[in-house]
Amino acid sequence: MVKSQCADFMAEVSHVWDKTRHKDSGFMCTIVQGTICRGDMVQFLNCDGEFIVEEEICTISYAQRTFEAVQKGDAQ
């Protein structure tokens, strides 16, 4: 986990899958601080805190259900 003083949320990413012709790219994560919402711009950092990419959150889903936001402690 990267420690940051200015983060609105922090998440530990457990799995990332690439975009294919059948599905968009995505990632599975556990929120460890704050809340993440659809439309948020997020920055992906590696374990050393170095920038990888910035993307917009388009969908938050779990087992066929879609959410507008997920916060620490939600069962996702």
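Good morning, colleagues. Please keep in mind throughout that the structure is a predicted model.

I begin with the overall composition. The protein contains 7 strands and 0 helices, and its elements, read from the N terminus, follow the pattern β-β-β-β-β-β-β. Of its 76 residues, 14% are buried. The exposed surface comes to about 6,200 Å², and 48% of that area is supplied by carbon and sulfur atoms. As for the contacts with a separation of 6 or more, 30% of them link residues 24 or more positions apart.

Let me turn to the sheet. Strands of a sheet pair through backbone hydrogen bonds, in either a parallel or an antiparallel manner. Here, 3 strands form an open sheet, ordered S1-S2-S7, with antiparallel pairing. Its edges are strand S1, residues 9–17, and strand S7, residues 69–71, each of which pairs on one side only. Direction ignored, neighbouring strands of this sheet are turned by 35° against each other on average. Strand S2 covers residues 26–37 and is joined to S7 by 3 bridges, the two running antiparallel. In one of the pairings, Cys37 has Ala69 in S7 as its bridge partner.

Which residues make up the largest nonpolar core? There are 9 of them: Phe9, Cys29, Ile31, Ile36, Val42, Phe44, Ile57, Ile60 and Val70. The largest share, 3 residues, comes from S2.

Setting aside neighbours within four places in sequence, Ile31 is in contact with Phe9, Met10, Ala11, Ile36, Val70, Gln71 and Lys72.

Finally, I come to Tyr62, which is found in strand S5, residues 60–62. Is Tyr62 to be classed as buried, exposed or partly exposed? Its relative accessibility is 40%. The buried class lies under 20% and the exposed class over 50%, so Tyr62 counts as partly exposed. Tyr62 and Met28 are 34 residues apart along the chain, and their C-alpha atoms are separated by 9.3 Å.

Thank you for your attention.

Conventions
Residues are numbered from 1 along each chain as its sequence is written. This is a predicted model: local features need pLDDT of at least 70, side-chain atom pairs count only at pLDDT 80 or more; totals for chains, interfaces and linings use all residues. Side-chain values use heavy atoms; hydrogens and water are left out. Two strands pair if DSSP finds at least two bridges between them. Helices (H or I, at least four residues) and strands (E, at least two) are DSSP runs, numbered from the N terminus. Axes are lines fitted to C-alpha atoms, for helices over the stretch in contact, and angles run from 0 to 180 degrees between N-to-C directions. A nonpolar core is a set of buried Ala, Val, Leu, Ile, Met, Phe, Trp, Tyr and Cys residues joined through side-chain atoms within 4.5 Å. Buried means under 20% relative accessible area, exposed over 50%, partly exposed in between (1.4 Å probe, protein chains only). Contact means heavy atoms within 4.5 Å. Accessible areas come from the Shrake-Rupley method with a 1.4 Å probe; for residues, only the protein chains shown count as cover.
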